[in-house]
Amino acid sequence: MALLSSPLQLKGLTLKNRIVMPPMCQYSVDAHDGTPTDWHFVHYVSRAVGGTGLIIVEMTDVEPDGRISNGDLGLWSDEQIPAFSRIVSEVHKYGSKIGIQIGHAGRKAEDAEVPVSASAIAFPGSRYKMPRALTTEEVQAMVVKFAESARRAVEAGMDTIEIHGAHGYLIHQFHSPLINKRDDQYGKDPALFGVEVIQAVKKVIPADMPLIMRVSAVEYVDGGYGLEYSTELCRRYKEAGVDVFHLSSGGEGPIGSAGRPGVHPGYQVPLARAIKQALDVPVIAVGNLDDAKLAEATLGNGDADLIAVGRGMLRDPYWAIHAIRELSPEELEPPKQYGRAF
C-alpha cells in the first residue's frame with residue numbers, strides 16, 4: 001500500500017488516507033454575516049467526493065472584526081452552526097473527515113474599522129490600518145471567544161479543530177517578538193496567549209478529538225525568528241495540549257534582505273521534519289507538494305505524517321483520487337457514481 005493512501009489514527013480520529021486539504025480562504029460570504037453559502041458547500045463537498053482524507057475549512061473567525069475581509073467565515077454566533085453542520089454531514093457521506101481552522105486576523109483585518117493586535121504596530125502596506133493594542137482584559141476575553149467558536153464547531157459536528165497561529169494573524173502577532181512589544185504578562189511571555197487559547201479550546205472539545213495548530217516555523221522578515229525559536233514555541237504549545245502541528249512559514253511582513261528559500265516543490269518540508277523530530281509529534285507538511293511521488297517520498301522519508309495540498313486542490317478537486325491512482329491504482333476506491341471512469 002502506498003503511504004499516501006494508508007489510514008492514520010490521531011487519538012479518536014481515523015483518516016482513510018494521509019491527504020489533507022488545508023485551509024484556504026474563499027472570500028465568498030456575500031451577505032457579510034460569516035455564514036457559509038452554497039459556494040462553500042459545493043467547494044468542500046467536492047473535495048470529499050474527490051477522495052481527500054481530511055478537509056480543513058478555511059480560517060473561520062471568532063468575532064466580526066477578526067475577519068481578513070467581510071467576505072470571510074465566522075463562528076461567533078450559534079446561528080451560524082446549522083450551515084456548517086450541513087457541510088459536515090455531506091462530507092461525511094463520502095468517507096472524508098472535516099475540521100475547521102479557528103482564527104483572528106488581528107492587525108491584518110482589512111475591513112475592521114480599527115483592527116486590534118498585540119501592539120499598535122501596523123502591518124506594512126497601504127491597505128492596512130493602524131491597529132490598537134488589546135488591553136490585558138480584552139486578551140483574556142479573546143481567549144474565551146476562541147473557546148466559544150471551538151464549542152460551536154464541535155456542535156456543528158467537526159472532527160477536529162485547528163488553531164491558526166501562523167501567517168501573521170493574531171496569535172502569531174503575540175508570539176512574534178517583532179510585533180509583541182507589550183509590558184504585561186502577554187508581553188513578558190509571548191507564548192502565553194497561544195497557550196491560554198489552546199487550554200481553553202481543550203476544555204470544550206471531546207477528550208479524544210485531536211487538536212491541530214498551524215505555526216509559521218520561520219519568519220522571513222529582517223530580525224524575525226527562526227526554527228530554533230519556533231521549536232521552543234511549539235514545545236510550549238504541545239505541553240498546553242496541541243496534538244498535531246501544521247507547519248508553514250512567513251506571513252508576518254515583507255520578505256527581508258536575507259530572502260527565503262525558493263518556493264520549489266517541498267521547500268517547507270525541512271521545517272515539518274525539524275519540528276517532528278524535535279518534539280516527537282505528528283506533523284502536516286505543506287508547500288508545493290502536489291506531485292504525488294514527492295508527497296509519497298515525504299511520507300516515506302519520515303518527514304511528515306500528513307500531506308497538505310492547497311493550490312493543487314484548487315485546480316483539481318479530485319487530486320486525491322488522481323494521486324492514489326498514480327501511486328497504487330489497485331487501492332483506488334472512487335465514488336460508485338464515477339467507478340466506470342476508472
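This passage describes the overall build of a predicted protein model and then turns to its charged pairs and some individual residues. Because the model is predicted, local features need pLDDT of at least 70 and side-chain atom pairs count only at pLDDT 80 or more, whereas totals for chains, interfaces and linings use all residues. Residues are numbered from 1 along each chain as its sequence is written, and side-chain values use heavy atoms, with hydrogens and water left out.

The protein chain contains 11 helices and 13 strands, where helices (H or I, at least four residues) and strands (E, at least two) are DSSP runs numbered from the N terminus. Its radius of gyration is 19 Å, close to the 20 Å that the globule rule gives for 342 residues, so the chain is as compact as a globular protein of that length; the radius is taken over C-alpha atoms, and the rule is 2.2 Å times the number of residues to the power 0.38. Taken along the principal axes, the C-alpha atoms fill a box of roughly 60 × 45 × 40 Å.

Of the 342 residues, 59% are buried, a term that means under 20% relative accessible area, while exposed means over 50% and partly exposed lies in between (1.4 Å probe, protein chains only). The accessible surface of the protein chain comes to about 13500 Å², of which 51% belongs to carbon and sulfur atoms; such areas come from the Shrake-Rupley method with a 1.4 Å probe, and for residues only the protein chains shown count as cover. Among contacts (heavy atoms within 4.5 Å) between residues at least 6 apart in sequence, 71% join residues at least 24 apart.

Side chains of opposite charge can pair when their charged atoms come close. A salt bridge is defined here as a side-chain nitrogen of Lys or Arg within 4 Å of a carboxyl oxygen of Asp or Glu, and the count by this rule comes to 19 salt bridges. In one of them, aspartate 305 pairs with lysine 276, the closest N and O atoms being 3.0 Å apart. Aspartate 305 lies in the loop between helix H9 (292-300) and strand S13 (306-308) and lysine 276 in helix H8 (residues 269-279), so the pair ties together parts that are 29 residues apart in sequence. Both aspartate 305 and lysine 276 are buried. Salt bridges that share partners also join Asp78, Glu148, Arg151, Arg152 and Glu155 into one network.

A salt bridge also links arginine 235 with glutamate 232, with the closest N and O atoms 3.1 Å apart; both residues lie in helix H7 (residues 227-240), three residues apart, about one turn of the helix. Arginine 235 is partly exposed at 31% relative accessibility, and glutamate 232 is partly exposed at 42%. Helix H7 also holds glutamate 228, which counts as exposed at 71% relative accessibility. In a further salt bridge, the closest N and O atoms of arginine 132 and glutamate 138 are 2.9 Å apart.

Aspartate 280 is placed in the loop between H8 and strand S12 (283-285) and is exposed, with a relative accessible area of 69%. Asparagine 288 lies in the loop between S12 and H9 and, at 32% relative accessibility, counts as partly exposed.
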